[in-house]
Amino acid sequence: MTTNHSDDPFLIDFLAGKVFAYPTEAVFGLGCDPDNEQAVSKLLLLKERDVSKGLILVADNYSQLLPYVNDDAIKMTKRTEIFSSWPGPVTWLLPKAKNAPAWVTGDSEFIAVRVSAHPVIKDLCSRVNKPLISTSANTAGNPPALNSDEVKSYFYDQVVLIEGSLGGSLSPSKILHGHSGQTIRDN
């Protein structure tokens, strides 16, 4: 199936390196093309976030994450736990692929990834056939945006707003370490 990029405003903006605000399971997220260093730099500047901290990738399915994850390095003893938690609001720190962009992984040997069940995220990732950056839509030290008005108050017209409803989770995704199982962030 061939996609006509000229008919899809999201694809046009995605390919142009724009930053998006979109609904996730619990809050509005900011995202962009993880392979576009300029787009990620713009997102980090908007968020006032240091690149060394790394970012989460969110995908429609695990296959979309394979270019970024060293699948062979995932412990066999953790695979069932990891893959049975998806799709859903659980982010895992998994071994990064050799070519995973440093502007996504930060200073870590791991990459934060999640397969989402949220229909807007699934649709966006399906349309570009790859994951998106996913970080909360807020500036450093401020609470995440819970609706489009809050997104606009933080970012005005600096992001492309994708409307939609939040997924019903009460807090951002839980983050677990894929080797140790340690909880990094609890929801």
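Predicted model: local features only at pLDDT ≥ 70, side-chain atom pairs only at ≥ 80, totals over all residues.
When I say helix or strand, I mean a DSSP run, numbered from the N terminus: a helix is H or I with at least four residues, a strand is E with at least two.

Nine strands build an open sheet. Read across, the order is E7-E1-E2-E6-E3-E5-E4-E8-E9. The pairing is mixed. Which strands stand at the edges? They are E7, residues 160-161, and E9, residues 183-185. Each has a single partner strand, so one side of each is left without a neighbour in the sheet. Take the E9 edge. Strand E8, residues 174-177, runs antiparallel to E9, and two bridges join them. There, Leu176 sits opposite Thr183 of E9. Now put a helix on the sheet. H2, residues 37-47, packs against it and touches strands E2 (28-31) and E6 (132-136). The direction of H2 makes about 5° with that of E6.

Next, E6 itself. Four of the five residues in E6 are buried, so this strand is mostly covered. On one pairing, E2 and E6 run antiparallel, joined by two bridges. Gly29 has Ser136 of E6 as its bridge partner. On another pairing, strand E3, residues 56-59, meets E6 over three bridges, again in the antiparallel sense. Here Ile56 is the bridge partner of Ser134 in E6.

Stay with Ser134, which lies in E6. Is Ser134 buried or exposed? Its relative accessible area is 6%, and buried means under 20%. So Ser134 counts as buried. What does the side chain of Ser134 make a polar contact with? The side chain of Tyr22, at 3.3 Å. Set aside neighbours within four places in sequence, and Ser134 is in contact with Tyr22, Thr24, Leu30, Ile56, Val58 and Arg114.

Now helix H6, residues 148-155. Ser148, Val151, Tyr154 and Phe155 are buried in this helix. Those four cover an arc of only 120° around the axis, which puts them on the same side of H6. What covers them? The cover includes strand E1 (20-23), E2, H2 and E7.

At the N-terminal end, Asn147 is the cap. A side-chain oxygen of Asn147 lies 3.1 Å from the backbone nitrogen of Asp149. After the helix comes Tyr156, with a positive phi near 50°.

Two other residues have a positive phi without being glycine. One is Glu48, with phi of about 60°. Glu48 sits in the loop between H2 and E3. The relative accessible area of Glu48 is 55%, so Glu48 is exposed. The other is Asn129, with phi of about 55°. Asn129 sits in the loop between helix H5 (119-128) and E6. At 59% relative accessibility, Asn129 is exposed as well.

Last stop: a peptide bond. Where is the cis bond? It joins Trp86 and Pro87, and omega is about -5°. Pro87 belongs to the loop between helix H3 (76-84) and strand E4 (90-95).

Key. Residues numbered from 1 in each chain as written. Heavy atoms only, no water. Pairing = 2+ DSSP bridges. Contact = heavy atoms within 4.5 Å. Axes fitted to C-alpha atoms, helices over the stretch in contact; angles between N-to-C directions. Buried < 20%, exposed > 50% of the residue type's maximum accessible area, 1.4 Å probe, protein only. Arc of directions from axis to C-beta. Polar contact = N/O pair within 3.5 Å; in protein donor to acceptor, adjacent residues only side chain to side chain.
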